[in-house]
Amino acid sequence: MIITIDGPAAAGKGTLAAALSKHYRLAYFDTGMIYRAVGLEMVLSGFCVEDEEKALETAKKMTFERMMELSAHKDFRSDIGGQAASKVSAIGSVRQALLKMQQDFSLSPTFADGTPANGAVYDGRDTGTVVCPNADIKFFVTASLEVRAMRRFKEFVAKGIETTYEKVLEDMLARDKRDSERAAAPLKPAKDAIIVDTSEMDEQTEIQTVIDIIEQKIFSTKKL
Ligand code: C5P
C-alpha cells in the first residue's frame, strides 16, 4: 500500500505519516528532508541558495548518508533550513535530480533496520502529484495559516529556538507563497486527493479521521 500526504508546512503531515507508518507497518519517507539537506548543504558551503548550477551540483551529489548527517545539524529543522529548502526546491532541475531516489523507495520499502514494510507513506508537497501519481490513497492535509504558524512557534519555543509568533507567521507566508507559486511542481492537491483540514483537530482526531477514511476507501473495496 502506498499512501501520499501532501500539504503546507505545519499542517500535521509528519504526525499523521508517523502514525500511519506505525499503524499499517509502512516505511515512512519524509521527502522534505532531501530538500532541507540540499538547502543546508548550500548554506554550509557558502553558496547562494538560488544559484541553480550549484544547487543542481549539490543535489546530484546528495546521498542518503549525507542527508542523515545533515539532519543532526541545528539548522536542519530551523527556519534557515526551511527557507533554504523552499528556495532550492523551486528549481526544476533540482527536483528532477532528486525524483528517482524518491520513486525508487516505493519499489521495495524497508524500515531503517532493513526489515521489509507493507508499503510506504510519503510526506511532502508533490508526492501525490509527481512522485507517486499511482498511490493507493492520497491526502492533502491543510490548516489555516494562523493555526500552522502558532503550532510551529510552539515547536520552536519547546526546542529553545528564540523567535516570535510574528516572525514565524511571516516566514510561513513567504514559504507558502514560494511553494505554491513556483513553476516546478507547485504545492496543490492531486485531483484524486482527499482534503483534510486540521485547523480544529487535535493530533488524535486527525489520525483517527484519516484511519477511518483509509478503512472505508481501501479495505472495504478490497483493492489490496
Ligand atoms: O516538509 P518540510 O517543511 O520539511 O519541507 C521543506 C521544504 O521543502 C518545503 O517548504 C518545500 O519547499 C520543499 N519540499 C518540496 N517538495 C516536497 C517536500 C518538500 O518542494 N515533496
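The model is predicted, with local features requiring pLDDT of at least 70 and side-chain atom pairs counting only at pLDDT 80 or more, while totals for chains, interfaces and linings use all residues. Residues are numbered from 1 along each chain as its sequence is written, and side-chain values use heavy atoms, leaving out hydrogens and water.

**The sheet**

Let's start with the strands. Helices (H or I, at least four residues) and strands (E, at least two) are DSSP runs, numbered from the N terminus. Five strands make an open sheet, ordered E2-E3-E1-E4-E5, and the pairing is parallel; two strands pair if DSSP finds at least two bridges between them. At the edges sit strand E2 (27-30) and strand E5 (194-197), each pairing on one side only. On average, neighbouring strands here are turned by 20° against each other, direction ignored. Axes are lines fitted to C-alpha atoms, for helices over the stretch in contact, and angles run from 0 to 180 degrees between N-to-C directions.

| Strands | Bridges | Sense |
|---|---|---|
| E1 and E3 (residues 120-124) | five bridges | parallel |
| E1 and E4 | four bridges | parallel |
| E4 (residues 137-142) and E5 | four bridges | parallel |

For some landmarks, Asp6 stands opposite Gly124 in E3, Ile5 has Phe139 in E4 as its bridge partner, and Phe140 is partnered by Ile195 in E5.

E1 is mostly covered, with five of its five residues buried, where buried means under 20% relative accessible area, exposed over 50% and partly exposed in between (1.4 Å probe, protein chains only). Ile2, Thr4 and Asp6 point one way from E1, and Ile3 and Ile5 point the other way.

**Helices around it**

Helix H10 (residues 203-219) packs on the sheet and touches strand E1 (2-6), E4 and E5, with its direction making about 155° with that of E4. Contact means heavy atoms within 4.5 Å.

H10 also has a helix partner: the axes of helix H1 (residues 13-24) and H10 come within 10 Å and cross at roughly 50°. That makes H1 oblique to H10; angles under 35 degrees count as roughly parallel, over 145 as roughly antiparallel, 65 to 115 as roughly perpendicular and the rest as oblique. The crossing of H1 with H10 is right-handed, whereas H5 passes H9 in a left-handed one. A crossing is left-handed if the near helix is turned anticlockwise from the far one by less than a right angle, and right-handed if clockwise.

On the H1 side the contact includes Leu16 and Leu20, and on the H10 side Ile207 and Val210. By class, the H1 and H10 contact has nine nonpolar, two polar and three charged residues. Ala, Val, Leu, Ile, Met, Phe, Trp, Tyr, Cys and Pro count as nonpolar, Asp, Glu, Lys and Arg as charged, and the others, Gly among them, as polar.

Now for the other pair. Helix H5 (residues 79-88) and helix H9 (residues 165-181) have axes that come within 10 Å and cross at roughly 15°, so they are roughly parallel to each other. Asp79 and Lys87 are among the H5 residues here, meeting an H9 set that includes Arg175 and Asp179. By class, the H5 and H9 contact has one nonpolar, three polar and six charged residues.

Ala10 has a positive phi of about 60° although it is not a glycine. Ala10 is in the loop between E1 and H1 and counts as buried at 11% relative accessibility. Ala185, also not a glycine, has a positive phi of about 45°, and Ala185 lies in the loop between H9 and E5.
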